[in-house]
Amino acid sequence: MSDILRLENINYSYIDGGYERHILKDLSYSFEAGKFYTVLGPSGSGKTTLLSIIAGLDTPKSGEIYFNGRNIKEIGLHKYRRNEISIVFQQYNLISYLTAVENVLLAMSETDNKLPKDRKTVAYNLLERFGIVRTKADRMIGQLSGGEQQRVAIARSLASNVNLIFADEPTGNLDTATEKEIIGIFKELSHDFGKTIIVVTHSDTVSQMSDQRVLLKDGKMQKL
Ligand SMILES: Nc1ncnc2c1ncn2[C@@H]1O[C@H](COP(=O)(O)OP(=O)(O)O)[C@@H](O)[C@H]1O
Ligand SMILES: [Mg+2]
């Protein structure tokens, strides 16, 4: 079986104004390894909540999550986050007082995964692969455009050598041309490098480029 991530009967709710609001209801879904998924759904449908849960940043009220057949609670949420997944955010979430290459190097220091010895060369190469040439790699984050910052964030997500990458509205702050370039990178990562990519988006342009579109609606996920 090639499911990299399996969600089983996930429930999530919170108390709002005295009564309970159910965001995710007995949600079950399996993600296959090496595919590029987009998760669609209206604002407030629970997409970010779902990502937080499958990234081990939040825990569901009930239900189980399996990574390569192993319950992530058994792996340990901290280890799961450190060694198995990366997240790309809408706001890039790079460290602004570091350069691009320093951001990538930092991510390399935050995993137990085996990495190549010459980390600096690897970091520069990773950035270059996504269009961040050396002179830009040595710039402070604030001196890069939004599209460039997201490229750095994608390079950073690969620095720890994980196979599962999540992104929450990664092109929400970018123009359509840059959006297409960034999504093209995600597509390449899944098709050419075997990464499993799960992108939350409400953009049709983005979802049309994915292998599988999934709709989050009424607390459940369904294939489109
Ligand atoms: N712990 C919580 N307390 C209060 N409101 C929450 C909590 N968690 C999520 N919400 C609300 O639940 C809804 C779904 O959130 P979210 O996952 O951010 O949706 P989406 O990303 O699809 O827009 C939003 O209205 C959000 O404000
Ligand atoms: Mg959201």
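Hi everyone, let me start with a pair of helices. Helix 5 and helix 7 are oblique to each other. This is a predicted model, by the way. So how do those two helices meet? The axes of helix 5, residues 119-129, and helix 7, residues 146-159, come within 9 Å, and they cross at roughly 135 degrees. An angle over 145 would count as roughly antiparallel, and 65 to 115 as roughly perpendicular, so this pair is oblique. As for handedness, helix 5 passes helix 7 in a right-handed crossing.

Now, over to the ligand. Which residues surround ligand 1? Please find Tyr 14, Asp 16 and Ile 23, then Gly 41, and then Ser 43, Gly 44, Ser 45, Gly 46, Lys 47, Thr 48 and Thr 49. By class, that shell has seven polar residues, two nonpolar and two charged. Strand 1, residues 3-16, and helix 1, residues 47-54, each supply at least two residues of the shell. Helix 1 gives the largest share, three residues.

Let's stay with helix 1 for a moment. Which of its residues are buried? They are Lys 47, Leu 50, Leu 51, Ile 53 and Ile 54. Looking down the axis of helix 1, you would see these buried residues fall within an arc of 160 degrees, so they line one face of the helix.

One last stop: just after helix 1, Gly 56 takes a positive phi of about 75 degrees.

Methods
Residues are numbered from 1 along each chain as its sequence is written. Chains are lettered from A and ligands numbered from 1 in the order in which they are written. This is a predicted model: local features need pLDDT of at least 70, side-chain atom pairs count only at pLDDT 80 or more; totals for chains, interfaces and linings use all residues. A residue is near a molecule or strand if its C-beta atom, placed from the backbone, lies within 6 Å of it. Helices (H or I, at least four residues) and strands (E, at least two) are DSSP runs, numbered from the N terminus. Ala, Val, Leu, Ile, Met, Phe, Trp, Tyr, Cys and Pro count as nonpolar, Asp, Glu, Lys and Arg as charged, and the others, Gly among them, as polar. A residue is buried if 20 or more other C-beta atoms lie within 10 Å of its own, exposed if 12 or fewer, and partly exposed in between; C-beta atoms are placed from the backbone. The arc is that of the directions from the helix axis to the C-beta atoms. Axes are lines fitted to C-alpha atoms, for helices over the stretch in contact, and angles run from 0 to 180 degrees between N-to-C directions. Angles under 35 degrees count as roughly parallel, over 145 as roughly antiparallel, 65 to 115 as roughly perpendicular and the rest as oblique. A crossing is left-handed if the near helix is turned anticlockwise from the far one by less than a right angle, and right-handed if clockwise.
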